[in-house]
Amino acid sequence: MQDTVMSMEETTTHEPNGDMAAKAATAGGLLGALAMTSCCILPLVLVSFGVGGVWIAQLTALYAYKWFTFSMAVLFIGYGFYRVAKAEKASCGEGAICARPVNRKLMRGSLWGASIVTAIAMIFPYLTPYILSY
């Protein structure tokens, strides 16, 4: 009898930090997407909202780190998608640690948004000459 209770408890417990790792990966993906926009898109948005100053011109110096921020954003976004998919495959029993999971739709939507922003930030410098020529 004790062995059956023990085996049921073992099957219902999951990683205690599973949700925390998924949250951290999602936050890292969002911050990576923000870092991707800091060299090209962010100064344009700030100027269009009337925020000005010499410091905005200094943001273009971050263009040299574009590939580093891109790789970090892709790593965090990919890991976030992995954690969300892994958590969805696991089944939760009543009373388990994962019985109250994080809203996966919100996390998946945030990761897709970060993916789109990252893709736009990557192609923006190549599309700018075509946009400004009109």
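The model is predicted. The chain has 134 residues, and its secondary structure consists of 6 helices and 0 strands.

**Overall fold**
- Along the sequence, the elements follow the pattern α-α-α-α-α-α.
- Of contacts between residues at least 6 apart in sequence, 79% link residues at least 24 apart.
- Buried residues make up 28% of the chain.
- The chain has an accessible surface of about 9200 Å², and carbon and sulfur atoms account for 70% of that surface.

- In soluble globular proteins, nonpolar side chains tend to be buried together.
- Here the largest nonpolar core has 8 residues, namely Met36, Cys39, Cys40, Ile41, Ala73, Ala121, Met122 and Phe124.
- Helix H6 (residues 104-132) supplies the largest share of this core, with 3 residues.
- Beyond its neighbours within four places in sequence, Met36 contacts Lys66, Thr69, Phe70, Ala73, Thr118, Ala121 and Met122.

**Thr26**
- Thr26 lies in helix H2 (residues 18-37).
- Thr26 counts as buried because its relative accessible area is 7%, and the cut-off for buried is under 20%.
- Apart from residues up to four places away in sequence, Thr26 touches Met107, Ser110 and Leu111.

**Surface patch**
- Leu62, Tyr65, Phe68, Met72, Leu75 and Phe76 form a nonpolar surface patch of about 590 Å².
- Leu62, one of these residues, sits in the loop between helix H4 (54-58) and helix H5 (66-89).
- Leu62 has 35% relative accessibility, so it counts as partly exposed.

Terms used:
Residues numbered from 1 in each chain as written. Predicted model: local features only at pLDDT ≥ 70, side-chain atom pairs only at ≥ 80, totals over all residues. Heavy atoms only, no water. Patch = residues over 30% accessible without salt bridge, like charges linked within 9 Å, V, L, I, M, F, W, Y side chains within 5 Å. Areas by Shrake-Rupley, 256 points an atom, 1.4 Å probe, with all protein chains shown as cover. Salt bridge = Lys/Arg side-chain N within 4 Å of Asp/Glu carboxyl O. Helix = DSSP H or I, 4+ residues; strand = E, 2+ residues; numbered from the N terminus. Buried < 20%, exposed > 50% of the residue type's maximum accessible area, 1.4 Å probe, protein only. Contact = heavy atoms within 4.5 Å. Core = buried A, V, L, I, M, F, W, Y, C linked by side-chain atoms within 4.5 Å.
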